[in-house]
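Keep the structure open as you read.

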Amino acid sequence: MKQVSMTDDFGFDPKRFTVSAGTRVKWTNDSDVGHTVTAYDGQISSEEAYFASGEFDSEKGARNNVSGGLIASGETYEHTFEVTGMYEYVCIPHESSGMTGTVVVK
């Protein structure tokens, strides 16, 4: 399992990382404000399951119900990456602050 922290300075730590196919990634909110993990629709292989906190099936769905995807302080979200590729994602409420991340699956 790969651990990713959501930080007080509106970032994912690490921001970019590489895992092997079949690896489970666990995002933990280590800050005092709510965050989301939301994949960009255009960055998902058609063979990989869409991923977003709140279990949305599209970026549009997540953006239309941001509060439904918020991860509270101390809570987590997990997703297992099965298909190789590069996956970019965002914290919707803090996108303008640059809170984005990238998972490379090999």
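Eight aromatic pairs occur in this structure, which is a predicted model. Start with Trp27 and Phe51. Their ring centres lie 6.1 Å apart and their planes meet at 15°, so this pair is stacked. Planes under 30 degrees apart count as stacked. Trp27 sits in strand β4 (residues 23-29), while Phe51 belongs to the loop between β5 (38-39) and α1 (59-64). The pair therefore ties together parts that are 24 residues apart in sequence. Are these two residues buried or exposed? Trp27 has a relative accessible area of 0%, so Trp27 is buried. Phe51 is also at 0% relative accessibility and counts as buried.

Trp27 has another aromatic partner, Tyr89. Here the geometry is edge-to-face: the centres are 5.4 Å apart, with 80° between the planes. This pair links distant parts of the chain, from Trp27 in strand β4 to Tyr89 in strand β7 (residues 85-90), 62 residues apart. Both Trp27 and Tyr89 are buried.

Now widen the view. Trp27, Phe51 and Tyr89 belong to one aromatic cluster, together with Phe12, Tyr77, Phe81 and Tyr87.

Next comes the nonpolar core. The largest one has 28 residues. Phe12, Trp27, Val37, Phe51, Tyr89 and Val103 have the most contacts inside it. Two or more residues each come from β1 (2-6), β3 (16-19), β4, β6 (76-81), β7 and β8 (100-105). Strand β7 gives the most, with three residues.

Finally, return to Trp27. Leaving aside neighbours within four places in sequence, its contacts include Val4, Met6, Val37 and Val103. Glu75, Thr76 and His79 are also among them.

Technical notes: Residues numbered from 1 in each chain as written. Predicted model: local features only at pLDDT ≥ 70, side-chain atom pairs only at ≥ 80, totals over all residues. Heavy atoms only, no water. Phe/Tyr/Trp six-rings, centres within 6.5 Å; stacked < 30°, edge-to-face > 60°. Helix = DSSP H or I, 4+ residues; strand = E, 2+ residues; numbered from the N terminus. Buried < 20%, exposed > 50% of the residue type's maximum accessible area, 1.4 Å probe, protein only. Core = buried A, V, L, I, M, F, W, Y, C linked by side-chain atoms within 4.5 Å. Contact = heavy atoms within 4.5 Å.
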